[in-house]
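Q: I'd like a close look at one part of this model, with the rest sketched in around it. Here is what I have on screen.
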Amino acid sequence: MTTLARPLGELWKFRELIALLVSRDLKVRYKRSVLGMGWTLLSPLLQMLVYTLVFKTIMRVDVPQFPVFLLAGFLPWTLISVSLTGAAHCLLNNQGLIRKVAVPQMVYPLAVVASKLVDLLLSLVPLAIIAAALGRPPGLSWLGLFPSLVLVTLFSSGLALLFSSLTVFYRDMRHLIDILIQVWFYVTPVIYPVSYLEKLPYRSLRWILAANPATPIVRCFQLSLYEGRLPGASVLGPAALATALVLGLGVLVFTSREAEHIHHF
């Protein structure tokens, strides 16, 4: 508890700085853009159209209301993936500030996660509209979003802390992350139902894929937003365990190596 209490206390002191970094990221990202924040809504919709064309129309994936199914898993997956890739460079990109301003370094990767979380929250609006249009309107099951959002944010924060620190010491990590994200995406049931994994002919492969920590988190969203059911203990339990392990590892690695970062910039 002491390992977590100290960084959490420091983060609370610098919460205004995190908010400032999030605001700066959003402004810079959409500066001089015609649609501005509209891209936050449009981007997942365009990707949804492409994936629907490929997997529903061409590959004939048998999933009713496929756009709703896809977005329900794609939005949390996007938070995980862009938090990881964005945070991997954040310490190196802010090394000038880190040398001059004495603040906990973890504010930088966590600000990246917070910025991407804003995108996810805004993207829920078009998802709700599409779900209603396709006959799956938001209902009580959407209350499952609250624990799901907490879990995916903490999970993404753990990854952001872990890989932002590792990238300082191992610069090749940025290239490995790009490959890791691509492989991880296709073994996570985002574009196909989780039942497809259970039908794989090789038991060892099923066990390996079942250990994917992103699967229970994505399933929490799919259950709430697509299947119209609140996620039960059989899904929330593994999701909470995966989140605790990833967050604990991220905090442990980051705090133990934080003082050495400045010597490797």
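A: The protein chain exposes about 13,700 Å², and 68% of that comes from carbon and sulfur atoms (Shrake-Rupley areas with a 1.4 Å probe, where for residues only the protein chains shown count as cover). A few ground rules: this is a predicted model, with local features needing pLDDT of at least 70 and side-chain atom pairs pLDDT 80 or more, while totals for chains, interfaces and linings use all residues. Numbering starts from 1 along each chain as its sequence is written, and side-chain values use heavy atoms, leaving out hydrogens and water.

Now the overall fold. The protein chain has 13 helices and 0 strands (DSSP runs numbered from the N terminus: H or I of at least four residues for helices, E of at least two for strands). Its radius of gyration is 19 Å, close to the 18 Å from the globule rule for 265 residues, so the chain is as compact as a globular protein of that length (C-alpha atoms only; the rule is 2.2 Å times the number of residues to the power 0.38). Buried residues account for 48% of the 265, where buried means under 20% relative accessible area, exposed over 50% and partly exposed in between, with a 1.4 Å probe and protein chains only. Of the contacts between residues at least 6 apart in sequence, 77% join residues at least 24 apart, a contact being heavy atoms within 4.5 Å.

On to the part you asked for. One aromatic cluster is formed by Tyr51, Phe55, Phe74, Trp77, Phe155, Trp184, Phe185 and Tyr186. The structure holds 11 aromatic pairs (Phe, Tyr and Trp rings, Trp by its six-membered ring, with centres within 6.5 Å; planes under 30 degrees apart are stacked, over 60 edge-to-face, the rest tilted). Take Phe74 and Phe185: their ring centres sit 6.5 Å apart with planes at 85°, so the pair is edge-to-face. It links distant parts of the chain, with Phe74 in helix α4 (residues 66-88) and Phe185 in helix α9 (residues 173-187), 111 residues apart. Phe74 and Phe185 are both buried. Trp77 and Trp184 have ring centres 5.5 Å apart and planes at 85°, so that pair is edge-to-face too. This pair also links distant parts, Trp77 in helix α4 and Trp184 in helix α9, 107 residues apart. Trp77 is buried, as is Trp184.

Val34, Leu35, Trp39, Leu46 and Leu49 make a nonpolar patch of about 520 Å² (residues with over 30% relative accessible area and no salt bridge; nonpolar side chains, meaning Val, Leu, Ile, Met, Phe, Trp or Tyr, are joined within 5 Å, like charges within 9 Å). Val34 lies in the loop between α2 (15-29) and α3 (38-58), and its 84% relative accessibility makes it exposed.

Charged contacts are next: the whole structure has 3 salt bridges (a Lys or Arg side-chain nitrogen within 4 Å of an Asp or Glu carboxyl oxygen). Glu227 bridges Arg219 with the closest N and O atoms 2.9 Å apart, and Arg229 at 2.4 Å. Arg219 is buried at 14%, while Glu227 is partly exposed at 30%.
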